Amino acid sequence: MKIQRGIKKAHELGFDPVKNNMVVKRGMNDNEIEDFADLTAHTPLHLRFISYMPVGLQKKWSVEKYISAGEIKKRFNPLYPAEKITGNGPAMYFKIKNAKGTIGFIDCIGDEFCMMCNRLRLTADGKLRSCLFKEQEVDIKTALRSGCSDEELENIFRRAITAKPKIHPIDFKDLRTWERTMSGIGG
Ligand code: SF4
């Protein structure tokens, strides 16, 4: 299997841990959920199932293609029962018994785990973005290029962190797509 060879090669090259994110879309790749879960049992792969989110320029997001973390787990758990383990966030982590790898879930819109979200993103144009779904960003590039002090830098990070929402702003009745690509947002 190509992906197993890829994981082996990555380890040989010194990458550890090897992580893989799978954005699950109903009707597109959800038939591979069980195979990917099985992969973590036999290979040291740290897999994260990411529920489809309304981000991007293509405006193709639809709730019909969204699959919650709970449904993904129900799909593989009868075949590969997994126990919850501790991780370093923001995903929720599980492990199949005696597995070499782990399984994480990121379901921003279904799980409402914003209180656990510890991510700040650095956008391609030099802004700190506190949430995927919040347009508000804090300019860090200008400050750095003008030789700001450590204290000013700390204040910029504080402003970005305090702007993190306690709960995401997505309303299923009023769906819209956040119009920045993931590469522009910072992954
Ligand atoms: S704060 Fe934003 S990026 Fe973090 S989990 Fe909530 S919706 Fe997702």
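This report walks through the predicted model shown above, from its overall layout to a few single residues.

## About the model

Because the model is predicted, local features need pLDDT of at least 70 and side-chain atom pairs count only at pLDDT 80 or more, while totals for chains, interfaces and linings use all residues. Residues are numbered from 1 along each chain as its sequence is written, and side-chain values use heavy atoms, with hydrogens and water left out.

## The overall layout

Let us start with the whole protein. Its secondary structure comes to 7 helices and 8 strands; helices (H or I, at least four residues) and strands (E, at least two) are DSSP runs, numbered from the N terminus. The C-alpha trace spans about 55 × 45 × 30 Å along its principal axes. Of the 187 residues, 41% are buried, where buried means under 20% relative accessible area, exposed over 50% and partly exposed in between (1.4 Å probe, protein chains only).

The domain assignment gives domain 1 (2-111) and domain 2 (119-185); such bounds come from an automatic or database domain assignment. The C-alpha centres of domain 1 and domain 2 are 26 Å apart. Among contacts in the protein with a separation of 6 or more, 64% join residues 24 or more positions apart; contact means heavy atoms within 4.5 Å.

## Helix H2 and its neighbours

Helix H2 (residues 33-42) packs with helix H3 (residues 69-76) at an angle of about 75°, and their axes are 9 Å apart. Axes are lines fitted to C-alpha atoms, for helices over the stretch in contact, and angles run from 0 to 180 degrees between N-to-C directions. H2 is therefore roughly perpendicular to H3; angles under 35 degrees count as roughly parallel, over 145 as roughly antiparallel, 65 to 115 as roughly perpendicular and the rest as oblique. On the H2 side the contact is made by Ile-33, Glu-34 and Ala-37, and on the H3 side by Ile-72, Arg-75 and Phe-76. These residues divide into 4 nonpolar, no polar and 2 charged. Here Ala, Val, Leu, Ile, Met, Phe, Trp, Tyr, Cys and Pro count as nonpolar, Asp, Glu, Lys and Arg as charged, and the others, Gly among them, as polar.

The buried residues of H2 are Ile-33, Phe-36, Ala-37, Leu-39, Thr-40 and Ala-41. They pack against H1, S1, strand S2 (45-51), H3, S4 and S5.

## Around the ligand

The ligand is surrounded by Cys-108, Phe-113, Cys-114, Cys-117, Cys-131, Leu-132, Phe-133, Pro-165 and His-168; a residue is near a molecule or strand if one of its heavy atoms lies within 4 Å of it. By class, this shell has 8 nonpolar, 1 polar and no charged residues.

## Residues in the loops

Most residues other than glycine have a negative phi, and most peptide bonds are trans. Asn-98 lies in the loop between strand S4 (92-96) and strand S5 (102-106) and counts as exposed at 70% relative accessibility.

Pro-81 sits in the loop between H3 and strand S3 (82-85). With a relative accessible area of 49%, Pro-81 is partly exposed. Not counting residues up to four places away in sequence, Pro-81 touches Lys-95, Ile-96 and Lys-97.
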